[in-house]
Amino acid sequence: MSDLTIEKIEQSIKDRRSLHLQFLENVKTYKPFLKVEEKAFSEGALTKKTKELMALSISIVTKCEPCMEWHLDQALLAGATDNEIYETIDVAIEMGGGQAGAYARFVLRAMQYFKEKHDL
């Protein structure tokens with residue numbers, strides 16, 4: 001994996017952590033958004049893992065690399081397998097075409113990063 005990809009992933013994680021309090025204190029929609037996020041990803045008829053895989057697919061189609069990084073990590077922590085992630089990418093490519101395929105490469109690199117980080 002290239003150093004640039006690792007730096008991009010680690011910068012995304014660092015930014016999320018370092019700006020969290022600033023968002024909480026200054027962005028009026030952030031705290032309610034976190035409550036929506038909590039409700040949306042809680043266990044229900046769909047498992048948290050399934051919901052994270054859905055979000056990963058949407059993240060690929062919308063080309064949001066920080067979203068891809070976050071939802072991939074959450075899906076892996078929820079027990080997603082390599083094959084489940086590959087099928088999630090399949091759905092993203094079907095919905096988003098060639099651009100989704102290009103952005104999904106980032107997911108494969110991030111998957112390697114998080115599997116090493118979490119010793120999966």
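Visitor: Which helix is F23 found in?
Guide: F23 is in α1, residues 3-26. Helices here are DSSP runs of H or I, at least four residues, numbered from the N terminus. By the way, this is a predicted model, where local features need pLDDT of at least 70, side-chain atom pairs count only at pLDDT 80 or more, and totals for chains, interfaces and linings use all residues. Residues are numbered from 1 along each chain as its sequence is written, and side-chain values use heavy atoms, with hydrogens and water left out.

Visitor: Why does F23 count as partly exposed?
Guide: Because its relative accessibility is 37%. Buried means under 20%, exposed means over 50%, and partly exposed is in between (1.4 Å probe, protein chains only).

Visitor: OK, which residues of α1 are buried?
Guide: T5, I9, S12 and I13.

Visitor: And what do the buried residues of α1 pack against?
Guide: They pack against α4 (65-77) and α5 (82-117).

Visitor: Where is the kink in α1 centred?
Guide: On L19, with a kink of about 45°. That bend is the angle between axes fitted to the seven residues ending there and the seven starting there.

Visitor: New topic: where does S59 lie, and is it buried or exposed?
Guide: S59 lies in helix α3, residues 48-61. It's buried, because its relative accessible area is 4%.

Visitor: What is S59 in contact with?
Guide: Leaving aside neighbours within four places in sequence, S59 is in contact with C64, C67, M68 and H71. Contact means heavy atoms within 4.5 Å.

Key:
Helices (H or I, at least four residues) and strands (E, at least two) are DSSP runs, numbered from the N terminus.
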